Each structure stands twice: as structure tokens, then as C-alpha cells.
Amino acid sequence: MSRTYAVAAVAAVVVATVLVGGFGLRISRTTSDFYVASRTVRPRLNAAAISGEYLSAASFLGIAGLVLVHGPDMLWYPVGYTAGYLVLLVFVAAPLRRSGAYTLPDFAEGRLESRHVRRLVSVFVVAAGWLYLVPQLQGAGLTLKILTGAPGWLGDVLVASVVVIAVAAGGMRSITFVQVFQYWLKLTALLVPAIFLVLAWQSDGQPRVHFDEQLSVFRADHPLYATYGLIVATFLGTMGLPHVVVRFYTSPNGRDARRTTVAVLALIGLFYLLPPVYGALGRLYAPELIHGGDADAAVLLLPERVIGGLGGDLLGALIAGGAFAAFLSTASGLTMAVAGVITQDVLPSRGVRHFRLATVLAMCVPLAGSLMVSRVPVADSVGMAFAVSASSFCPLLVLGIWWRRLTPPGAIAGLLLGGGSAFLSVAITVSGAVRPPGWPHALLAWPAVWSVPVGFLAMVLVSLATPGRIPPGTNAAMSRFHLPEAL
């Protein structure tokens with residue numbers, strides 16, 4: 001791939017991101033604009049923005065890499081990522097918007113009337129956001145290294161800098177426009193090259209793709225358990241992802257929140273038709289990546305391998321731009337969510353100036369982590385973040401919205417036992433302290449199968465044991481969640 005074209009594409013995406021974010025700055029004037037875009041984002045625009053931030057490095061690069069290495073079994077990733085919005089639509093979307101909250105900690109305090117629960121939820125939001133940010137930054141470093149030969153840390157620093165500028169400039173109002181632009185760019189960046197790649201494959205006589213040789217890393221033993229761990233994490237983790245949840249607060253009302261979710265299902269479903277195509281073609285045209293440890297690079301390398309010449313360079317540059325859009329959009333949403341929590345629960349003031357300071361703080365820790373921690377395949381590392389979200393926020397949201405008897409001690413117990421155990425499992429897995437094969441590694445690498453039930457059971461049992469701690473405003477909160485705004 002021509003480095004000149006690749007650098008030009010990445011530079012164009014960075015400049016466009018800053019310019020679009022600058023447009024948001026012009027109309028961001030109030031604190032509500034910075035946090036929730038004054039709750040005026042309509043369904044179609046909001047759906048494109050949610051899709052833009054949700055389709056991360058794991059979606060753009062990681063799924064194709066996993067299909068290349070492990071075969072069709074990895075299609076559970078896009079299925080789970082998409083189906084998670086169906087669960088969110090049924091159980092959470094409209095009541096969450098009607099809660100009137102700005103962030104997950106706001107929801108927790110409003111429902112349970114406890115500052116202790118709020119503080120604990122804040123810790124988990126920040127931890128989950130940072131855990132999700134690390135693979136975005138590492139994916140950017142890998143992409144820039146492959147495209148230009150630059151040091152791996154440069155991509156990490158570049159994405160972190162652009163995100164801080166875009167988020168600090170105009171907050172939620174600014175990144176809404178950025179993420180809408182980046183969704184359509186990412187879809188175009190995968191769709192157009194995929195068409196030419198499939199045509200080239202047909203002109204080669206449509207050689208058959210064989211997945212007989214499947215390399216197993218995390219799935220060497222107990223593959224059925226790993227599959228269930230993935231399904232539970234992705235189906236239930238979506239509803240608690242901080243950067244996804246915060247976007248539903250921007251809807252004008254609960255009905256629009258539901259309409260937004262339906263549109264998101266269509267947009268991300270359309271996108272997820274494409275990465276498996278690259279994974280399958282990678283088996284034919286880049287088989288050395290199976291054992292080389294750079295399977296996530298298949299999407300970037302295929303245009304040059306299959307088409308070549310000027311056409312391959314131009315299509316590769318388009319993909320490079322889309323990949324950087326993936327890193328920027330997801331990192332922007334995560335930084336926005338984490339910065340909002342830091343502003344409200346850590347810094348002494350909640351003004352715009354403190355929000356901008358929180359934006360810098362929200363990016364510093366994951367940037368340091370991305371530079372220090374060894375690289376894990378991006379889809380796997382994102383799957384770990386989903387497991388933490390599913391084990392902590394899913395029980396809190398589902399029980400908080402649908403069960404009147406939830407108490408603050410129950411919520412704290414569930415968060416600590418469910419979310420805490422999942423986070424500890426992820427930390428042990430990433431550190432390499434427990435290595436495959438064997439059940440200990442499988443249980444720690446895919447904790448959602450057991451940590452989600454632990455979270456639910458702990459919340460239910462401790463709440464039943466503390467009936468005197470049911471918040472006095474529970475009936476009013478439940479009515480607000482489930483009745484139309486007009487009532």
C-alpha cells in the first residue's frame with residue numbers, strides 16, 4: 001500500500017473530525033449542551049451517532065481478524081453486538097430516558113437515593129470506559145504502524161489528542177455530528193472495497209474458502225463455554241456501556257429513545273454484513289496472518305494483495321481512513337462518558353471549564369495503559385469490557401427499572417460481587433498470570449457466564465434481606481420510568 005495515500009487518508013479524517021467538531025462548538029453554549037445536547041437529538045441523527053461510536057476497532061478490524069483465524073464460529077461476535085440492542089430496546093431504552101438523568105451515576109442515585117451507590121457506579125463507569133478505550137488506542141497504533149511504518153505509540157497518541165480536542169471543544173453537541181459523519185464514512189470504507197474484492201475473487205474463479213485449519217488461542221479448550229461467555233457478555237453488556245447509555249439521555253422523550261434503538265439495529269446490522277467478508281477473503285489472500293499475530297491487519301492489507309496497483313492503493317487508503325474513524329468515534333464517546341462522570345463526581349465544580357479538564361483526565365490513564373500493556377486482539381479485549389458491563393450495569397438497570405424492592409445495600413452487593421469479580425477476572429487474564437489451557441483460564445477469560453448471575457443474585461438476595469432500606473421515593477421513580485412523559 002502506498003504510504004502517501006494512507007497518510008493522506010488518515011490526515012483527511014483527522015482534519016474532518018476537528019472541523020465537524022468545531023461546528024458543534026459553535027452551537028454548544030450551555031452545560032446541558034455539553035452533557036446531553038440539551039436532549040434535542042432526533043431518532044435518525046441519534047441512531048447514526050450511536051452506531052458511529054459503537055462500531056469500534058473491534059468491529060472494523062477485530063471481527064475480520066477473528067474470522068480469519070478461528071473461522072465462522074466467530075460470527076457470534078457481530079450477532080451478539082447487534083442483538084444487545086434488542087435487549088436494550090425491550091428493557092431499558094425508554095425508561096432510562098424518562099429517568100431524566102445525565103449519566104449512569106445520576107440514574108443510580110435518583111432511583112436508590114444513595115450517594116454510596118452513586119460513587120460505586122461512578123467507579124465502575126470510569127473503569128469500564130478506560131478498559132474499552134485501551135483497545136481503541138492500540139488499534140490505532142497498529143493501523144498507523146502497518147500503513148506508514150511509524151512507531152506503534154504514534155497512533156495511540158494521535159487518536160488521544162484528536163479526541164480530547166473534539167470532546168473538549170463542544171461536548172455532546174460536538175461529538176454527535178462527528179459520530180454521524182464517522183458512521184457513514186466507516187460504512188463506505190468497508191462497503192466500496194468489499195465490492196471490488198468480491199469482484200476480484202469472482203474473476204479468480206471463485207476459489208473455495210477452507211476453514212479446516214483453525215488456530216485457537218483463547219478457545220483452545222472448552223470452546224462451548226467460551227461461546228456462551230461471549231453470548232452472555234455481548235447480549236447483556238451493551239445496555240450498560242457508558243458511551244451507549246449516555247446517548248439515550250439526548251433523546252427528546254422515551255418514544256424517540258425506542259425509535260432510535262430500532263434504527264440502530266438496522267444501521268449496525270447493515271455494517272456487520274461486511275467484516276466477515278474480509279475475514280473469509282483473508283484466508284485465501286493473506287493466510288500468513290493466521291500465525292503471524294497480526295490478523296487484525298487483514299482488512300488493511302487485502303486491497304493491495306487482491307487488487308494491487310493504483311486501485312489497490314486508493315481502496316486501501318479508504319479503508320485506512322475508515323479505520324481511523326472507528327478509533328476516533330468510539331474513543332470520543334467513551335471519553336465523553338468518562339469525562340461526564342469525573343466532572344460530576346470527582347471535580348469540585350460541574351461547569352464547562354471543569355468538563356474540559358475532566359476530558360484530559362479521562363484520556364490520560366487509558367493512553368498510559370495502551371502504551372504499557374501488551375497488545376491483545378481488539379475484539380477479545382472489547383469482549384472483556386462487555387463482560388464487566390454485563391456483570392455490573394445490566395443487573396442495576398434491569399432491577400432498578402423493573403423491580404420495586406431493590407435496595408441500596410443490594411445494589412452495592414451486586415456491583416461488588418458481579419462487576420468486581422468480572423473486572424478482577426479481566427485483570428488477571430490481561431496480566432497473563434493464568435495461562436491456557438485449563439478451566440481456570442477459561443473461567444477468567446470469559447467470566448460473564450458466572451459473573452452475571454452472581455450480580456443478579458447478590459442484588460436480589462441482599463435486597464430481600466434488607467426490606468427496610470427500600471427508598472421512600474421508589475413508587476414515584478417507577479411511575480416516572482414507565483408512564484408517558486405527558487402524564
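1. Leaving aside residues up to four places away in sequence, asparagine 46 touches Val41, Arg247, Thr250, Ser251 and Thr260, a contact being heavy atoms within 4.5 Å.

2. On provenance, this is a predicted model, in which local features need pLDDT of at least 70 and side-chain atom pairs count only at pLDDT 80 or more, whereas totals for chains, interfaces and linings use all residues. Residues are numbered from 1 along each chain as its sequence is written, and side-chain values use heavy atoms, with hydrogens and water left out.

3. As to confidence, the chain averages a pLDDT (the predictor's confidence in each residue, from 0 to 100) of 83, and 89% of the residues score at least 70. The lowest confidence falls in helix H2 (residues 31-36), with a mean of 60, and the highest in helix H21 (residues 448-465), at 96.

4. Seven salt bridges are counted, each being a side-chain nitrogen of Lys or Arg within 4 Å of a carboxyl oxygen of Asp or Glu. In one of them, aspartate 256 meets arginine 42 at 3.1 Å, N to O. This pair links distant parts of the chain, with aspartate 256 in helix H12 (residues 254-271) and arginine 42 in the loop between H2 and H3, 214 residues apart. Aspartate 256 is buried at 3% relative accessibility, whereas arginine 42 is exposed at 51%.

5. Arginine 305 and glutamate 288 also form a salt bridge, their closest N and O atoms being 2.6 Å apart. Because arginine 305 lies in helix H15 (residues 298-306) and glutamate 288 in the loop between helix H13 (275-285) and helix H14 (289-292), the pair ties together parts that are 17 residues apart in sequence. Arginine 305 is partly exposed at 38% relative accessibility, and glutamate 288 is partly exposed at 40%.

6. A network of salt bridges links Asp106, Glu109, Arg115, Arg118 and Asp345. Within the pair formed by glutamate 109 and arginine 115, the N to O distance is 3.3 Å.

Note on methods:
Helices (H or I, at least four residues) and strands (E, at least two) are DSSP runs, numbered from the N terminus. Buried means under 20% relative accessible area, exposed over 50%, partly exposed in between (1.4 Å probe, protein chains only).
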